[in-house]
Structure formats: structure tokens, C-alpha cells
Amino acid sequence: MIRYVLQLLAWMVLMAAVILWPAGTLNYPAAWVLIAIFALGGAAMVLWLGKHDPKLLRERMASPVQRGQKPWDRIWLTLFMLGFCIWLPLSSWDAARSSFTAVPFWLQALGAVFILIEGAGIWWTFRENSFAAPVVKLQEGQRTIDTGPYAIVRHPMYASALFLFLGVPLLLGSWLGLVFATLFVFAIAWRAVHEEMALRAELDGYEAYAKRVRYRLLPGVW
């Protein structure tokens, strides 16, 4: 558990650096709110999974490159993480250009709410699915999950991430960050399709599940 806490701390230091340094000031309340949400959410995840699902915690805190991971997913995840670490400073830099006034306060507050919704969706997913690894691979004993959020959409974690992609640039006050967030939406949609190809081929019951639950990310849309 100490190792996981240190990993979380290192991640938060990195997040603080890539958000605050491009802004050119520490007087950036929205950034501190975002950092606090990330820190508290990360700590809550570590503590809750440590108590209820240590195996999933090990998976979530493991390296983004793992044995058994699909080769294409190694490339995708590396590019996604790189893009995320570019997107955050781009958003804070853009917000600083307008002296942090481009986005109305009520929209910034809505962005914070969206990030909290994303956290709730991730927790719901973890509660239902002990196989929610951060990489695409088939795990020992893995089975098709069709309860909780999986009864609504086939990829509830990706669906939750949509709120994050909207919430972060709104909270930070960046219209440019919101525009670039569309790239992440297309990226996770691409991954969802390719992940399903692997699951249909390798996971018992997934084909039938996909016929019962029609939508991947947005109920009634896609």
C-alpha cells in the first residue's frame, strides 16, 4: 500500500507541474481544485480497492505495458498518456492567455461536477468488474460482466471518461482544451471497437452480451 501511495504522490506532483508551470502562476484556483479532485479521487480509489479488491488495485497501479497486452494497445496507451500530458498544459496555458476569464464561472463549476460524475462512474465500474484492467488483455478467470453499468453500455469506464474530457478544460477555463478533447473521444471510441474485437474472439459469452446491450458508450446513440 505504501508503494501505491508513493505512486499516487508522484503522479500528483507531475500533474501539478504540467498544469501550473504553463499557466505561469500559482494563483490559479481552478487548477488547485482540479489537483485536489485528482488527489482525493486517487486516494479514495487506492483505499477502497485496497480493502475490497486488492487484485484490481494491483492491475490499476501496474505498468501501462504488460505481458499479454495486445500489441496495438501498447502503442495506443503510450500515445494516449502522452496526449493527456500535453493536453493539460495546453489547457492551462490557453486559460492564462485570457487571465483565466474566458470561461464563465458557472461553466467552470459544471466542469468540476462532470469530473466528479466521472469518478462516480469509475467507482461503479470497479464495484461490478474485478477485471477492469487499464490494458487490453484477457485475464485468468475473466468472465463477461453484464450487471450494474454494464447493463446500460458495454464500456462504462469509457463512457465515464467522456465527462472527464468535458470537465477538465471547462474547469481550467480553456476553450482550446475543450476543442482538443474531441480527439480523446475519438481515441477511446477507436479503442472500444478494437477491444470488442478481442473480447468477441476470446471471451466466452461476450458475443451474446453484445447483442443484448446494443450501445458502447452512449445509450440510444452509439
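This is a predicted model: local features need pLDDT of at least 70, side-chain atom pairs count only at pLDDT 80 or more; totals for chains, interfaces and linings use all residues.
Residues are numbered from 1 along each chain as its sequence is written, and side-chain values use heavy atoms, with hydrogens and water left out.

Next I looked up the packing: H4 (residues 71–97) and H7 (residues 175–202) pack at an angle of about 165°, with axes 9 Å apart. The two are therefore roughly antiparallel (angles over 145 degrees).

I then checked who makes the contact (heavy atoms within 4.5 Å). Among them are Trp72, Trp76, Phe80 and Trp87 of H4, and Phe180, Phe184, Trp190 and Arg191 of H7. I noted that the contact residues divide into 16 nonpolar, 4 polar and 4 charged; Gly counts as polar here.

My second stop was Gln139, in the loop between helix H5 (105–128) and helix H6 (156–172). Is Gln139 buried or exposed? Gln139 is buried, with a relative accessible area of 10% (buried means under 20%, with a 1.4 Å probe and protein chains only).

For neighbours, I found that Gln139 touches Glu59, Phe131 and Ala133, leaving aside residues up to four places away in sequence. A polar atom of the Gln139 side chain lies 2.8 Å from the backbone oxygen of Phe131. Last, I took Gln139 and Leu218: 79 residues apart in sequence, they sit 26 Å apart in space, C-alpha to C-alpha.

Terms used
Axes are lines fitted to C-alpha atoms, for helices over the stretch in contact, and angles run from 0 to 180 degrees between N-to-C directions. Helices (H or I, at least four residues) and strands (E, at least two) are DSSP runs, numbered from the N terminus. Angles under 35 degrees count as roughly parallel, over 145 as roughly antiparallel, 65 to 115 as roughly perpendicular and the rest as oblique. Buried means under 20% relative accessible area, exposed over 50%, partly exposed in between (1.4 Å probe, protein chains only). A polar contact is a pair of N or O atoms within 3.5 Å; within protein, one must be able to donate a hydrogen and the other to accept it, and residues adjacent in sequence count only if both atoms are side-chain atoms.
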